Amino acid sequence: MTTETKQPAWRKILSAYQKPDLKNSVAELLLTLLPLMAMWSAAFWASVSGMIWLALLLCVPASIFLVRMFLIQHDCGHHAFFKSPTLNNWVGRVVGIITLTPYDVWRRTHAIHHAASGNLDRRGLGAIDTLTVEEYQALSPLNKFGYRAYRHPITLFIIGPIYMFFLEHRIPSGIMKEGWRPWVSAIGTNLSILGFGWLIVATLGWAPLLAVFIPSVFLAAVWGVWLFYVQHQFEDVLWFRNKNWNHTDGALQGSSFYDLPQPFSWLTGYIGIHHVHHAASKIPFYRLPKVLKDHPQLKEMNRLTFIESFKCVPLTLWDEKNDRMISFRQFRKQISATA
């Protein structure tokens, strides 16, 4: 029996919330962009004044608002932030310059992630690589070492964000063969980033670029990867084989509700209400709390608190027999018990 037969027809219910409001969208954009510009301005001034410590300190709150800018870009990618697809696309492209993310490339790969979320037979582009217990057991010793290295927290949350935002995003990774449009998006964004960087250096010198912009992007990338990780890599997550998969099951049972306290829920664009977002990706993020208020049963689905989310870090393998994520340590215990 699937979730859709046990639960209300969520697609129909959630479709009522898929209506962006221009005033709210503009307000959210300004409430994100203006604080970011103010913090960057203060940090730039501190860096050129020789107070590098203050500049680096200001990078922390600036990075949080930069994450929020990325989430506005994210909603634009779903055509959820404005009614006009053209306005969504161009706002997303401009924001992509400061988030170092080529909008059209990211939009395509992210759409692939949404189309296959929770589908065990369609894992791949736009997601964190996850192996089943059986797949891991079938690997050679060298490949097992490679997977363990990939799933190490330093790789996932430090090396990974650097690689993704500073290197991988510079080319249309994963969709290179889809014609000229991904290349235009990637190269156009790269040239715009170079122009933005040149403007900073030409007017203020190298200190603001090296001590403010780059650290801010790095920290924002770390926060962003962390959010994405705990939204899909938690103990009670469910994956389905293709024959049993459907969009609603994959969304509601394959994504968490990361219940962050305020103001962090607002600062992260309510992306923690991720199960609802996956079930209806065209809901503007500022309407997601309304969904939970109107349908409180959604609050109990895959709920993770901030403290509980740290338990997700060791989880590395999908135990298909027991329908849960397990750690390498739990895997070894299973092998010992079987032996």
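First, some housekeeping. Residues are numbered from 1 along each chain as its sequence is written, and side-chain values use heavy atoms, with hydrogens and water left out. Since the model is predicted, local features need pLDDT of at least 70 and side-chain atom pairs count only at pLDDT 80 or more, while totals for chains, interfaces and linings use all residues.

The average pLDDT (the predictor's confidence in each residue, from 0 to 100) is 94, and 98% of the residues score at least 70. The stretch to watch is residues 1-5, where pLDDT is below 50. In the model, that stretch makes nine contacts (heavy atoms within 4.5 Å) beyond near neighbours in sequence. Where pLDDT is low, the predicted coordinates should not be read in detail.

Now for the annotations. An unreviewed UniProt entry lists residues 53-303 as "domain: Fatty acid desaturase"; positions follow the numbering used here, feature names are shortened, and annotations may be inferred rather than shown by experiment. In the model, that span is 63% helix and 2% strand, with its end C-alpha atoms 38 Å apart. Helices (H or I, at least four residues) and strands (E, at least two) are DSSP runs, numbered from the N terminus. The unreviewed entry also carries the annotation "transmembrane region" for residues 26-46, 52-71, 154-171, 183-202 and 209-229. Take residues 52-71: this span is 100% helix, and its end C-alpha atoms lie 28 Å apart. Residues 209-229 are likewise 100% helix, with 28 Å between the end C-alpha atoms.

Next, the salt bridges (a side-chain nitrogen of Lys or Arg within 4 Å of a carboxyl oxygen of Asp or Glu). The structure holds nine of them. One of these joins E28 and R68, at 2.7 Å from N to O. E28 sits in helix α3 (residues 22-48) and R68 in helix α4 (residues 52-77), so the pair ties together parts that are 40 residues apart in sequence. Buried means under 20% relative accessible area, exposed over 50%, and partly exposed in between, using a 1.4 Å probe and protein chains only. E28 counts as buried because its relative accessibility is 11%, and R68 is buried too, at 0%.

The pair E178 and R108 gives another salt bridge, at 3.2 Å from N to O. Here E178 comes from the loop between α9 and α10 and R108 from helix α6 (residues 103-116), linking distant parts of the chain 70 residues apart. E178 is partly exposed at 41%, and R108 is partly exposed at 38%.

For a local example, look at K290 and D294, whose closest N and O atoms are 3.4 Å apart in a salt bridge. Both lie in helix α15 (residues 288-294), four residues apart, or about one turn of the helix. K290 is partly exposed at 41%, as is D294 at 32%. Elsewhere, D121, R241 and E320 are linked in a network of salt bridges.

H274 is a buried residue, with a relative accessible area of 3%. H274 belongs to helix α14 (residues 274-279) and touches Q231, H232, S255 and S256, leaving aside residues up to four places away in sequence.

Finally, some backbone details. A cis peptide bond joins Q262 and P263, with omega about 5°; P263 is in the loop between β2 (257-258) and α13 (264-267). N302, a residue other than glycine, has a positive phi near 50° and is found in the loop between α15 and β3 (303-304). D323 also has a positive phi, near 55°. D323 sits in the loop between β4 (315-319) and β5 (324-327) and is partly exposed at 41%.
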